[in-house]
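My entries follow the order in which I consulted them.

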Amino acid sequence: MINSMDAAMAISRERGHAVVVGTMTPNRYWEAVTTEPDLDLPIFGAMGKASSVALGLALACPDKKVVVLDGDGAMLMNLGGLVTIAEQAPENLVHFVFEDGVYQTTGSQPVPGAGKFHLAEMARSAGISESFDFSCLEDFATELPDIMRKKGPVFVCLKVDHP
C-alpha cells in the first residue's frame, strides 16, 4: 500500500505547471502539498465528474498538461468516462486514481466490489493503452517522471491506504 499523502507529494513534485483537477478524498491530500494552487481546480459535490471536467480542459487547452486526481468510488460512478477519454485521446491528460476501497468522504463505507475489480485493466479495456497500477511508493516514484512525459491519455491506479 502507498501512503496517500506520499502519493500526492510525489505527484506534486512532478506536476510542473500542469492544471490539476482533483475530487473528493484526493483533494484533502492535494491541498496540503500543492505548489501551484492557481492551477488547481478542486471539484466538490460532483462525485464521478473530475475526469470529465479534466477531459474538457485537456481538449480545450492541448498545449497544457492536465492531471486528474480521482478516487476509486468516484471512478466507479463514471466508468463510461474512460471510454470517452480513450475515444478523444488527449495527449496531455494523466489520470490518477487513489484506490483505497472506501468512500472516505462519507464515512469510509466500503466501495462495492472493493478488491475484486482492477481499474487499470478497465482503463486498458476502454482503450487507454498507457495504464499502470502501483502498490509500492518506491516503484511509483521511480516511474512517475516517465509517466508524466508519456503521450496521453495515461491512467494510473494507486493502491493507497486510508486513515
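The entries below record what I looked up.

**Basis.** I worked from a predicted model, in which local features need pLDDT of at least 70, side-chain atom pairs count only at pLDDT 80 or more, and totals for chains, interfaces and linings use all residues. Residues are numbered from 1 along each chain as its sequence is written, and side-chain values use heavy atoms, with hydrogens and water left out.

**Strand β4.** I took helices (H or I, at least four residues) and strands (E, at least two) as DSSP runs numbered from the N terminus. I counted a residue as buried under 20% relative accessible area, exposed over 50%, and partly exposed in between (1.4 Å probe, protein chains only). In β4 (residues 93–99), seven of seven residues are buried. I checked both faces: L93, H95, V97 and E99 are buried on one side, and V94, F96 and F98 on the other.

I then looked up its partners, where two strands pair if DSSP finds at least two bridges between them. Strand β3 (residues 66–71) runs parallel to β4 over six bridges, and V67 has V94 as its bridge partner. Strand β8 (residues 154–159) is also parallel to β4, joined by six bridges; there, K159 is the bridge partner of E99.

**Helix α5.** In α5 (residues 80–88), I found G81, L82, I85 and A86 buried. They fall within an arc of 140 degrees seen down the axis, so they line one face of the helix; the arc is taken from the directions from the helix axis to the C-beta atoms. Their cover includes α3 (50–60), α4 (72–77), β4, α6 (119–126) and β8. After α5 comes A89, with a positive phi near 50 degrees.

**Cysteines.** I counted a disulfide as a pair of cysteine sulfur atoms within 2.5 Å, and the count is zero. C157 is in no disulfide, the nearest cysteine sulfur being that of C136, 14 Å away. C157 is buried at 0% relative accessibility, whereas C61 is partly exposed at 36%.

**Nonpolar cores.** I defined a core as a set of buried Ala, Val, Leu, Ile, Met, Phe, Trp, Tyr and Cys residues joined through side-chain atoms within 4.5 Å. The largest has 24 residues, of which I11, V67, F96, F140 and L158 touch the most other members. Elements giving it two or more residues are α1 (4–14), α2 (24–33), β3, β4, α7 (137–149) and β8. A second, separate core of 23 residues includes L55, A58, V111 and A126.

Key. Contact = heavy atoms within 4.5 Å.
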